[in-house]
Structures are given as structure tokens and as C-alpha cells.
Amino acid sequence: MIDATFFSKWQSDCPNRHKNVAEGIALVEKMLTFVVAKCKHPKLQTKTHKMKTGLILATIAVVATLSCTPQKSSRWSAERANKWYAEREWPSGCDYIPSTAINQIEMWQTATFDPQTIDRELAVAELLGFNTMRVYLSSVVWSIEPEGLKTNMNRFLEIACSHGITPLFVLFDDCWNPESAYGQQPAPRKGIHNSGWVRDPSDSVRQDTTAMFAALEPYVKDILTSFANDERILLWDLYNEPGNSGYGARSLPLLRRTFEWAREVNPSQPLTAGVWYFECPELNLFQLENSDIISYHCYSRKDVHNVWIKMLQLYGRPLICTEYMARTRESTFKEILPLLESNNVGAINWGFVKGKTNTIFAWGTPMPDKDEPEVWFHDIIRPDGTPFDQAETDLIKTTNSRHRQ
């Protein structure tokens, strides 16, 4: 049986023992034994699922082995990253967009920026003891009104700070609708998860990478330079789920450039880009080898999520789960929040307030005839501040209270 001692020993011996990829692959059988022993769900006993799990673990083993090589000086050392994490309260919060916005553009463009709603909703977050929020920016808004976006970001930070919340910002995103435009945004489609969320950059922008890089480099550098020493910001999550929407490794050039641009600015806050799937080793390797803080997304049940934690802890860097909690997939606060807390993994769930994004509905399960599902997929409270599940908010508040100074 492989236990915590095994993982601890692998991590501590890594600089001296793991000289090549072959040694990492040799550990896959032991890891797979660990997975099957820990994950009791019958699905894990099927041959197909074992093979898929083995592929995932093999990828992680390769990446973890390669992580033992010397790092570029621009990346934070593990010592610096761990010191930074230890000096802060345990991060706990949500992926946040105000209930009045359907997407990133509607949140940030000046015509629809809604500080009153943000203030009201973050006041509820404060009552629950949350101390961070993960918030998506918009290169589309910056391209039209760069000073307006920064003004609105500053106002958002003022509001968040007044409620004891230190957010992290996301610059790019590969998820949902392929095209976007500044101005009036579409109305929500009833019962459809994230019916108006947009990729950033749009698919059409990606067709000419030379022009895309020329347009996006000033955006990244302007935002990071303007807030490079702002203590109200926790960290920069440079790229959400690179490779999603079928892009795969085609997202790697923009991911690579974004890290290069960010390193040139050298902000005081750490950089990250969360791993979320393992079908593209090139992306996984780059994300894990270049992030100061290791972040990840996991919507799996507790036993599988625990394996993700054990694998990623091998890097010896702080971990923050920047997306979890999908009730109908058995990723619940009751099961996952204590797991994250006990492993000192930052906990950021999707999302916070029922609103125009319609993320109370599950992805891939449209319900066009319903105002809301019996069991919400994501989100915690209604726009009036009342909870979907009082037991959940009691657990959140009690858990967070143990870490607030």
C-alpha cells in the first residue's frame, strides 16, 4: 500500500533521485495501486477507467520528474512561494461575477459596471468568511477603454478590500462561446449553463497569431504594470483552462507568450495557470513548470480529488484549487471543503451568486423549461443573499472562521 510516507519521501528525494523520465514512469504502477485502493467507486474497477487513470498518473509522473530540473531564475523558487503562502490566511472564496452580468465584458465595460451589486454581494461573502474571489478580466474591454477597465478594476478592489477580500484576476479563457464583442451583451438563455460566457481572445482573433500577439501583449503588460505592487491583489491567474473548446496544444503559444510578458513585468504577486485535464502533456508540463503557485481545477468526488492533491503536492509548492463544487457530480462542500482545508489547499469554488450566467444549471444538461433545478449545480446564494442550502453556508462559515485573524 502506498501511503503519505511514500509521497513525502518521493518529494524529499526528488532532487537527487529522479534523473530522468523513465524513473517517473516506473512509479505509475505503484500510484495506480494507490488510486484503486483509495477510490472505492465501482466505476474505478473497470478496465477502461483504470487505463485512463493510469494515463493521467503517467502524465503527472513525467511532469513531476521533469520538475526536478533547475528552474529559470524568473520563476519563484519553491522556498519563496511557500513563504508567501505561509504569510497569508488560508485562501477561501469563489469564482465571482456579479449576478447582473452574463460575462466578463458586461462585468467590466463602464456602461454596465455595477459597483452597487458588487458591494452588496461581497458583503454577504464577508459574512461567510471568504477572503478571496477569482475574477475574469476582459481584453475586449481593454481594447476599447483601457483606462476605463483599470478604473473599474480599482473600484472593484476598493469594494473587495472593504470586505476583507483579496481577489485574483484571470486574463485569458478558452471556455464557452467562440466570439465576443464590446457593447450590449445577449440576454441569458433560460436553463442554459453559461449561455453568454465568452472565450478571450475570440476564436477569430486566434487565426492570425502575429496580430493576436501584437494586440494582447500591451493588454497583459498594461494591466500587470498598473497593479504590479498592489497588495489588494492575491495573484495573477494568467490563463483559464488553456486547451479547452478543442484547442488543445494550439493554446500553448499564447500561454507561453503570456508568461513571458508577465515575467518581463515581474509583478510582486505570484503567477499561475491551473491544470485542469491531462490529455495534453505539453500544456500540463508548461503550466506546472512555470507557475509560482500550483493551481488546478477538479470537479470530481472526494477520493479522486484526494489523488489530485497527493500528486500535485509532489511539486513542493503551495496548492490552490481554483475551481471545484458541482453538486450533481458529488463534488460538494460537505465532502471537498474539509479535504482542502486538511491539506492546506486553497479553496475557490465555482461560483457565488445565482445570476445571469445560469451556472445553477449543469453544463451539458439544459433545462429550458425550468426556472431553476431542484439541486443547483454551482453557486451558493440567491441575489437577495439567502442561501441555496443553509447547511452549506453554515459549514463554509464555520470552516472559514478557523482561519481568520
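Me: Is Glu 372 buried, exposed or partly exposed, and what is its relative accessible area?
Reply: Happy to start there, with the ground rules first. This is a predicted model, where local features need pLDDT of at least 70 and side-chain atom pairs count only at pLDDT 80 or more, while totals for chains, interfaces and linings use all residues. Residues are numbered from 1 along each chain as its sequence is written, and side-chain values use heavy atoms, with hydrogens and water left out. Buried means under 20% relative accessible area, exposed over 50%, and partly exposed in between (1.4 Å probe, protein chains only), so Glu 372 is partly exposed, at 25%.

Me: Which residue meets the side chain of Glu 372 in a salt bridge?
Reply: A salt bridge here is a side-chain nitrogen of Lys or Arg within 4 Å of a carboxyl oxygen of Asp or Glu. The N to O distance for this pair is 2.8 Å, and the partner of Glu 372 is Arg 382.

Me: How many residues apart are Glu 372 and Arg 382?
Reply: Helices (H or I, at least four residues) and strands (E, at least two) are DSSP runs, numbered from the N terminus. Both residues lie in the loop between β8 (346-350) and α15 (390-401), and the pair is 10 residues apart.

Me: Why are Glu 158 and Arg 155 separated by about one helical turn?
Reply: These two form a salt bridge, with the closest N and O atoms 3.3 Å apart. They are about one turn apart because they sit three residues apart in helix α9 (residues 146-162).

Me: Are Asp 95 and Arg 134 buried or exposed?
Reply: Asp 95 forms a salt bridge with Arg 134, the closest N and O atoms being 2.7 Å apart. The pair links distant parts of the chain, with Asp 95 in strand β1 (residues 92-95) and Arg 134 in strand β2 (residues 132-136). As for accessibility, both Asp 95 and Arg 134 are buried.

Me: Why is strand β7 largely enclosed by the rest of the structure?
Reply: Strand β7 spans residues 319-323. It is largely enclosed because, of its five residues, the number buried is five.

Me: Which residue in β7 stands opposite His 297?
Reply: Two strands pair if DSSP finds at least two bridges between them. Four bridges join strand β6 (residues 294-297) to β7, and these strands run parallel. Opposite His 297 in this pairing stands Glu 323.

Me: Which residue in β8 stands opposite Ile 320?
Reply: β7 and β8 pair in the parallel sense over two bridges. The residue facing Ile 320 is Gly 346.
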